[in-house]
Every structure is written in C-alpha cells, then in structure tokens.
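The stops below are given in the order in which to select them.

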Amino acid sequence: MNSKLLLLLFLALPVLPARCSSAPPRSVHLELVRVDALVSTNLTEHELLRSAVQRSLDRPGSIGRPGVDTGGRKAATAEAPLLPGGGEYLVKLGIGTPQHFFSAAIDTASDLVWMQCQPCASCYRQLDPVFNPKLSSSFAVVPCSSDTCDQLDEHRCRDEGDETACQYTYKYSGNAATKGTLAMDKLAIGSDVFHGVVFGCSDSSVGGPPPQASGLVGLGRGPFSLVTQLSVRRFMYCLPPPMSKSAGKLVLGADADALRNASDRVAVTMSSNPRYPSYYHLNLDGLAVGDKTPRRLNRNATSPATVGGRADAHGMIVDIASTITFLEASLYDELANDLEEDIRLPRGTASRLGLDLCFILPEGVGMDRVYVPSVSLSFDGRWLELERDRLFVEDRAGRMMCLMIGKTTGVSILGNFQQQNMQVLYNLRRGKITFAKTSCEYVP
C-alpha cells in the first residue's frame, strides 16, 4: 500500500498514541534544568530570582490590566489564561531523522507540543539552532482534511506540493500566539524514540518562552499534549529550591509515584473547568493563616467550576511554569491582611523583585529568625500547608522579606516556588494530584 495512503488513513482518526520504536518503556525519566542554568551568567542569586519573578508576572496574561508599582515595574496583578512567557524548567529532547537536539520548556497549563522551525518568518530569538524539517527524513505534515487537524480550535489549509497542510494558530491571552504547520516526526525522549508524535512546527511566535527554549512541551489534559500522545496515565516531578544547583526530575509513566511513607502527603481530586479544559484544576474551598480560624470559601452551588460564565475565582490551577503563586484579588487581600496582623513587622515598599507584600526585617536579623505563620490551602477539605520557605524570600540585601504570591483578576495559580521540595504526582486515571513533601536536591 502506498505510504502516503497509509499516512492519510492514520490521520483520519483523532490524535493517536505515539508508538515507541522498541518495546514500550515502563517509564521515561528526564532531568529538569532551570532556564537560567543554560546560560553562563554573572548574575547574583537575587538577580536570577528577579528574572524568574518577572517571567511569572508576564505569564498569567492580563488582557490590558497589568498592575504597576511606584517604581514603574510590573506588579503582581494579572489575568488567566496563561501566556507562554514563563517556562522555568527545560527538558532536552531530540526530533527527526537524524536527530536534532533542542531544549524545550515544560508546561502543565497547555497542550500543544511545538518548536520553532525553518523558515522562520517571525520568531523570537532562541539559543539552539532552529529545526529544519527538510533535513528530517521522518518528517510529515498533517493533512488539512484529517480529524487530527479538526481538533484544533483554529486552523486553515495551505497547499504544499502534493499535499494540503494543516496550518494552525494556537492562541494565548492578550496578543500571544504561535502559528505554523501541524506535523509528525520521531521524538527522542531520553533513550526512547517515539514515532508519529504530532507537534507544531512554528514559523511565527509572539510572546514566546525565554531564548533558552526552542519551544514548549504541553503536559496538559488535551489531545495534543505529550502525556496524552504517549498514553501516560501518571507523571510526577520533583523541584529543588530555586537557587539550588541540583536539577529537578520528571518521570512519565508507571515509575511515577509519590512517597508512600511521607509524613505530609496530601491527595486532591482534580475538577473540570469547561472554559479551560486543559488545566489541572483544583477546587480551592478554604484558606488559613497560622492558628487563625480557617476561612471557608463559597462556590456557586449549581456549577462549582464556573461563576457567571467565567472561570471560578475560587478554583486554582497547578502550574509548573510560573514561579510565584497567584490568588484571586479578594483572597489575596484577605491573606495579606491576616499576614500583616500576625507578623507584626512594618510594611516595606519598592521591592526589587517586583513583589507586592513585603515586611521590613529588624537590622541584622534574617528572615529565618522572625515569626512567619504558615499558610494553608484547602482543596475540597484536604489541607496543603505552606511554611516560611515556600512563602517568603529576602529582598533588598536582606533588609526585607517579600511574599512570593501575587494578585490575579482570574483563576488562582499554584506556582512552582510553592511546589519546591515536593513530589507532585498527577494520577490521570484516578483524577488526583498528590503533594508529598520531600527533598528534591539529588546528588548526581
């Protein structure tokens, strides 16, 4: 049978699981490298943290409503859905035949796997060489007439020789988008090679990830995400503290498991959000500061995932690509008031990190020597406690400490700073996310 006919028959179905070239692996293990570790830099730890915070402030994607602090910098105010401007953790992958190696940002809040391709009409600057699909003998475009193409929210057809290619536009909030040709090729993940992985070969990107990333690997819940294409039923990551020299780890498949003997292990059931079906969405129904009486949050009784046709303000999505956490405005204000009442230190201003809530430390006294209450988040009655090191960082040469939580006009976001030193397990078959506290600083 003609090979092109085989390809058309294959693509007449929705996105199919990618096929491994050898026996299917039990699991895939990958190293997670912080984005700033790929460039030689003389930046201080404080400057690196500031860069990560600023990328996070770009990420939630305000539609024209960014906050501005007194110094003219962006303040922690934004609106979901997310922009691709974050991307704090990178994985090394290979595409095509022969393999073209590249670094890509992983993203739990989007689906599409995409990378910049030649010829690039309007692309952001990247450090890796741009992939040339003409040099890959295993590269193939996805036909526009296929059901695979129809699953895209926005696409059109373009003649490419004997074929009509599927041209996509994948939009984020604001003006951010990536455009190009939907394609298939071999994808090397660690020592395993998967055939027929569908990805976006982008020739135009606005508001993309940092230059250290050649594209994004979506790990969301939709049909084009890598976990869906590999038929992964569970995956797990473990992130070291932001300034650690250790890499994190990502495990896709059966080996992904949270510590069973962890003393602090919280399993939360995921909810569905019809507006953002790709997100890993949790019902946030309580907030507690220290020993104060927990605040119970009300949700729309008839539709727990939506309020007034928009994303539930008391929902929260889990996002590995944002450094800081964002809380819906009214929740953030309540949290700030409770922290100010408990900490009893003067409020600080003009954070060099761009954070909103800061406290002035006594002269010569570090953050570790002042009282900081824990903050606990309740997800359908299961409480996740966040201690000092997952809440505050020192700023202005140790003269202030600032809260690594910002304010948003949309759905709340659990960022990676709050997920540090945790095994975060996504059990897609059971619909649960488990947070198990442990050290993630691995010795090579």
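Select strand 12 (residues 177-189) together with strand 13: the two run antiparallel, paired over 12 bridges. Strands are DSSP E runs of at least two residues and helices are H or I runs of at least four, both numbered from the N terminus; two strands pair if DSSP finds at least two bridges between them. The model is predicted, so local features need pLDDT of at least 70 and side-chain atom pairs count only at pLDDT 80 or more, while totals for chains, interfaces and linings use all residues. Residues are numbered from 1 along each chain as its sequence is written, and side-chain values use heavy atoms, with hydrogens and water left out.

Zoom in on the turn of this hairpin, where 2 residues separate the strands and G190 has a positive phi of about 65°. Then move to G200 in strand 13, which has L182 opposite. W114 also stands opposite G200. Strand 8 (residues 113-116) pairs with strand 13 in the parallel sense, over 3 bridges. Colour strand 13 (residues 192-206) by accessibility: 14 of its 15 residues are buried, so the rest of the structure largely encloses it. Buried means under 20% relative accessible area, exposed over 50%, and partly exposed in between, with a 1.4 Å probe and protein chains only.

Next, show the cysteines. The structure holds 6 disulfides, each a pair of cysteine sulfur atoms within 2.5 Å. Start with C117 and C201, joined at an S to S distance of 2.0 Å. The S-S torsion is about -115°, so this disulfide is left-handed. C117 sits in the loop between strand 8 and strand 9 (140-141), C201 in strand 13, 84 residues apart. Both C117 and C201 are buried.

Go on to C238 and C440, whose sulfur atoms are 1.9 Å apart. This disulfide has a torsion of about -70° and is therefore left-handed. It links C238 in strand 15 to C440 in the segment after strand 33 (432-437), 202 residues away.

Which way is the disulfide of C358 and C402 handed, left or right? Its torsion is about 105°, so it is right-handed. C358 lies in strand 25 and C402 in strand 29 (residues 400-403), so the bond ties together parts 44 residues apart in sequence.

Now display the aromatic side chains; the whole structure has 6 aromatic pairs. Rings of Phe, Tyr and Trp (its six-membered ring) pair if their centres lie within 6.5 Å; planes under 30 degrees apart are stacked, over 60 edge-to-face, and the rest tilted. Select Y237 and Y426: the ring centres are 5.6 Å apart and the planes at 45°, so the pair is tilted. Y237 is in strand 15 (residues 234-238) and Y426 in strand 32 (residues 422-427), 189 residues apart.

Return to strand 25 (residues 358-360) for F359, whose partner F392 lies in strand 28 (residues 392-395). F359 is buried at 0% relative accessibility, and F392 is buried at 1%.

Finish at helix 5 (residues 329-343), which spans 21 Å from its first C-alpha to its last. Its buried residues include L331, L335 and L339. Just after the helix, R344 takes a positive phi of about 60°.

Key. Expected span 1.5 Å × (residues − 1).
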